[in-house]
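Welcome! Please keep the structure open while you read.

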Amino acid sequence: MIENSKLLISHPTGNTFVRALLQECEKQDLLAKFFTTVGKGENSNYLLKKILNRRSYTIPDEKVCSQWFPEIWRLLLGKYKSQEKRKYETDRSYELLDKKVSKNLDKLNISSIHAYEDGAAHTFSRAKELGIRCSYELPIAHWGTVRRLLAEEAERYPEWIPTLDSIDENEEKLHRKELELELADCISCPSEFVLQSIPKSILNSKPCQVSNFGSPFSQNNSTIRLENKKILKILFVGSMTQRKGLADLFTALRILKTDKLSLTIIGQPLKPINFYRNQCYDFEHIRSCSNEKVKSTMREHDILVLPSIVEGCALVQQEALSCGLPLLITRNTGGEELIDNQKTGFIVPIREPNMIAEKIEWFIDNIEDIHLMKSYCIKKSKDYSWSKYAQNLISFLNNQQEY
């Protein structure tokens, strides 16, 4: 490890993997500052932490640098605005934070920066001038891969086009994405799928690695349903889009035409709910719920099906594993390493409803064996921890600093 090295971390919203890295950096006394939009640290007053809830962090408050506007207005008024306007304001919030970080770099005694897609172009440009090392995390497949795959989906399922929200990003934003990759000194990704989506000119010119996301800790791993298992209970969790492969799941269920299964969907619809119900026999729909409700619902089901067209590494897969749910997924979910064939689930190719139907039928025919698969799933989930994820990132960055 480089002596006296300090790291700045920047992320607009602070999600699960950012929190894991913050916690480990603070533990190792590596964290200089965390820049975000709305956020407070652990020693801020109780009322403020209660109000912010998901924007509070387990690091000292003095290490959190916030830029509340315009993010706070986006959060308060977003539901009253169009999807296009919300998208614009999200991009604006990201870029304004990026600019703020870049303007503060010369005031901080740091050796490295770790930043994320859509929030690093200005920061990295200034960091290069100051000799600060730039560590970059690409949490989802490269935009070129995303755009190509979703454009192909628009041709396959024209009626699903309103659910494909990443095929019309503006050229200025795409230019910033490319600049971020070019300026980065090293790049981390959550899955092999994301890693291989990086343009070869970038992939072959600088250190790039996979740092697997962690699995959530589950206190209650008892997942075996007690009722007579005559019905396979399928769960889908995610936005109700064709990026998540929902149209292919519906097609697979129409192919099966069986009364030996039920489907539950947890997710936000992007079209009227009747649009979805017209394509599939009756399913239970849960629009949104707490993470605890998601986990309890998982424990009431037999398998998670996620036939995504493009992801980074869908965290719901590891949540499902930790609750004992076998997976039926595509490689493009980023969860390929989670699958031990016929033990923790199956991988199917994208755009293959027939193979989805075939594997669901396998589960129906072997429903009594699912309890054994559940044990394998729980054991597999324990191979992935958030501390390992964060330690991997820190080690990777430190190794690059030595050269």
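## Salt bridges

R148 and E152 join their side chains in a salt bridge, with N and O 3.8 Å apart; a salt bridge here is a side-chain nitrogen of Lys or Arg within 4 Å of a carboxyl oxygen of Asp or Glu. This is a predicted model, in which local features need pLDDT of at least 70 and side-chain atom pairs count only at pLDDT 80 or more, while totals for chains, interfaces and linings use all residues. Residues are numbered from 1 along each chain as its sequence is written, and side-chain values use heavy atoms, with hydrogens and water left out.

Both R148 and E152 belong to helix α6 (residues 143-156), where they sit four residues apart, about one turn of the helix. Helices (H or I, at least four residues) and strands (E, at least two) are DSSP runs, numbered from the N terminus. An α-helix has 3.6 residues a turn, so residues three or four places apart point the same way.

What does K380 pair with? Its salt-bridge partner is D340, with the closest N and O atoms 3.4 Å apart. K380 lies in helix α15 (residues 370-381) and D340 in the loop between β12 and β13, so this pair ties together parts that are 40 residues apart in sequence.

The table shows how accessible these side chains' residues are. Buried means under 20% relative accessible area, exposed over 50%, and partly exposed in between (1.4 Å probe, protein chains only).

| Residue | Relative accessible area | Class |
|---|---|---|
| R148 | 45% | partly exposed |
| E152 | 30% | partly exposed |
| R126 | 26% | partly exposed |
| E129 | 59% | exposed |
| K380 | 13% | buried |
| D340 | 31% | partly exposed |

A search of the whole structure gives 24 salt bridges. Some join into a network that links R148, E152, E153, R156, D248 and R351. R351 is found in the loop between β13 and α14, and has a positive phi of about 65° although it is not a glycine.

## The seven-stranded sheet

Now look for an open sheet of seven strands, paired in parallel in the order β3-β2-β1-β4-β5-β6-β7. Two strands count as paired if DSSP finds at least two bridges between them. β3 (64-66) and β7 (208-210) are the edge strands, each with a single partner, so one side of each has no neighbour in the sheet. On average, neighbouring strands are turned by 20° against each other, direction ignored.

At one end of the order, strand β6 (residues 186-189) pairs with β7 in the parallel sense over three bridges, and I187 has C208 in β7 as its bridge partner. Helix α1 (residues 16-27) packs on this sheet and touches β1 (7-10), β2 (31-36), β4 (112-116) and β5 (133-137), its direction making about 155° with that of β2. Contact means heavy atoms within 4.5 Å. The angles run from 0 to 180 degrees between N-to-C directions, with axes fitted as lines to C-alpha atoms, for helices over the stretch in contact.

In the loop between α1 and β2 you will find D29, whose phi is near 60°, a positive value in a residue other than glycine. Another backbone detail is the cis peptide bond from F69 to P70, with omega near 10°; P70 is in the loop between β3 and α3.

## The six-stranded sheet

A further open sheet has six strands in the order β10-β9-β8-β11-β12-β13, also with parallel pairing. Its edge strands are β10 and β13 (345-348), each pairing on one side only. β8 and strand β11 (residues 303-306) pair over two bridges, and I234 stands opposite I303 in β11.

Which strands does helix α10 lie across? Helix α10 (residues 246-256) lies across β8, β9 and β11, and runs at about 165° to β9. The loop between β8 and α10 holds K244, which is buried at 10% relative accessibility. Leaving aside neighbours within four places in sequence, the contacts of K244 include F236, L306 and E311.
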